[in-house]
Amino acid sequence: MTGGKSSWFAGLAGVVLAGLGCLSLGFVESSWAQEKPAADPAVARARKQVQMLDDLYKTAIVLITEHYVKEDSDLAAGSAFQALFKAMKDKGYHEVRLLDATGEPYEEKNKPQDDFEKAAIKALKAGKANYEEIVTEDGAKYLRIATPIPVVMKKCTLCHDNYNAAKPGEAIGALGYKLKIE
Ligand code: HEC
């Protein structure tokens with residue numbers, strides 16, 4: 001685990017496993033927000049919203065995997081969350097992509113696709129806490145941020161054999177967010 005950068009997610013899993021639940025979520029590092037001082041308050045708000053969503057989604061994925069997934073034929077938290085991400089997109093809130101960083105995804109569609117996703121996976125694999133770009137589409141500005149997913153518990157390897165080769169704390173995947181700056 002380098003410099004504790006992606007350690008919060010692994011740490012979070014540890015906390016959940018220890019049965020302490022959400023009480024200790026305050027320890028989540030905010031280093032990635034501090035990395036780039038926000039000149040534009042709208043960008044700062046979007047970034048803060050992503051940080052909240054990232055904690056929410058990752059905490060829920062860990063809890064579901066821990067308590068409901070027993071064998072590889074069970075519905076994976078990843079599959080359930082693809083449906084949740086689609087619902088959030090359809091309602092116009094934000095977009096989230098579940099991305100592979102190993103080159104051997106469960107689903108081909110989860111491979112990094114555009115330049116942003118490819119650059120993000122490269123940066124996260126190199127140990128960065130997050131990767132972001134601000135893009136303009138049809139006159140509207142969007143914040144795109146990717147955050148790392150390490151192998152948070154042994155159970156992940158139940159369905160993802162290839163995670164056995166990952167170093168502790170290494171990003172094997174990412175969540176890629178796209179959010180309107182407003
Ligand atoms: C019960 C089997 C199962 C378990 C356990 C499981 N996954 Fe997955 N995972 C899947 C499936 C199925 C998908 C594809 C979901 C989709 O895109 O529809 C997936 C997709 C992913 C992806 C996107 C890249 C890819 O391979 O398609 C990541 C990253 C990921 N899982 C991480 C994890 C982590 C971390 C854990 C442990 C917390 C975990 N998974 C546990 C089945 C599982």
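This is a predicted model: local features need pLDDT of at least 70, side-chain atom pairs count only at pLDDT 80 or more; totals for chains, interfaces and linings use all residues.
## A first look around the structure

Setting aside neighbours within four places in sequence, Tyr-163 touches Val-151, Cys-156, Thr-157 and Ile-172. Tyr-163 sits in the loop between E3 and E4. Its C-alpha atom is 6.8 Å from that of Val-151, although the two are twelve residues apart in sequence.

### The chain as a whole

The protein chain has five helices and four strands, which follow one another in the pattern α-α-α-α-β-α-β-β-β. Of its 182 residues, 31% count as buried. Among contacts between residues at least 6 apart in sequence, 63% join residues at least 24 apart.

How confident is the predictor? The average pLDDT of the protein chain is 86, and 79% of the residues score at least 70. Two stretches call for a more careful reading. Over residues 15–30 the pLDDT is below 50, and this stretch has twelve contacts in the model beyond near neighbours in sequence. Residues 1–6 also stay under 50 in pLDDT, with 15 contacts beyond four places in sequence.

Helix H3 covers residues 41–68, and helix H4 covers residues 77–90. What distance does each helix span from end to end, C-alpha to C-alpha? The table sets the two side by side.

| Helix | Number of residues | Span in the model | Expected span |
|---|---|---|---|
| H3 | 28 residues | 40 Å | 40 Å |

After H4 comes Gly-92, with a positive phi near 85°.

Which residues of H3 are buried? They are Ala-46, Arg-47, Val-50, Asp-54, Tyr-57, Lys-58, Ile-61, Val-62 and Thr-65. In an α-helix there are 3.6 residues a turn, so residues three or four places apart point the same way.

### Around the ligand

The ligand is surrounded by 26 residues, of which Ala-76, Gly-78, Cys-156, Cys-159 and Gly-173 are the closest. Cys-156 is also among the contacts of Tyr-163. By class, the shell holds 14 nonpolar, seven polar and five charged residues.

Where in the chain do these residues come from? H3, H4, strand E1 (95–100) and strand E4 (171–180) each supply at least two residues of the shell. The largest share, three residues, comes from H4.

In soluble globular proteins, nonpolar side chains tend to be buried together. Here the largest nonpolar core has 28 residues, and Ala-101, Leu-124, Ala-146, Ala-174 and Leu-175 touch the most other members. H3, E1, helix H5 (115–125), E3 and E4 each give two or more residues to this core. Which element gives the most? That is E4, with six residues.

Beyond its neighbours within four places in sequence, Ala-146 is in contact with Leu-99, Ala-120, Leu-124, Asn-130, Tyr-131, Ala-174, Leu-175 and Gly-176.

Lys-180 belongs to strand E4. Lys-180 counts as partly exposed because it has 15 C-beta neighbours inside 10 Å, above the limit of 12 or fewer for an exposed residue. Apart from neighbours within four places in sequence, Lys-180 is in contact with Ala-140 and Tyr-142.

Asp-138 lies in the loop between strand E2 (131–137) and strand E3 (140–150). The phi of Asp-138 is near 50°, a positive value in a residue other than glycine. Asp-138 is exposed, because 4 other C-beta atoms lie within 10 Å.

Lys-167 is in the loop between E3 and E4, where Tyr-163 is also found. With 11 C-beta neighbours inside 10 Å, Lys-167 counts as exposed. Along the chain, Lys-167 and Pro-150 are 17 residues apart, and their C-alpha atoms are separated by 9.0 Å.

Methods:
Residues are numbered from 1 along each chain as its sequence is written. A residue is buried if 20 or more other C-beta atoms lie within 10 Å of its own, exposed if 12 or fewer, and partly exposed in between; C-beta atoms are placed from the backbone. A residue is near a molecule or strand if its C-beta atom, placed from the backbone, lies within 6 Å of it. Ala, Val, Leu, Ile, Met, Phe, Trp, Tyr, Cys and Pro count as nonpolar, Asp, Glu, Lys and Arg as charged, and the others, Gly among them, as polar. A nonpolar core is a set of buried Ala, Val, Leu, Ile, Met, Phe, Trp, Tyr and Cys residues joined through C-beta atoms within 7 Å. Two residues are in contact if their C-beta atoms, placed from the backbone, lie within 7 Å. pLDDT is the predictor's confidence in each residue, from 0 to 100. The expected span of a helix is 1.5 Å times one less than its number of residues.
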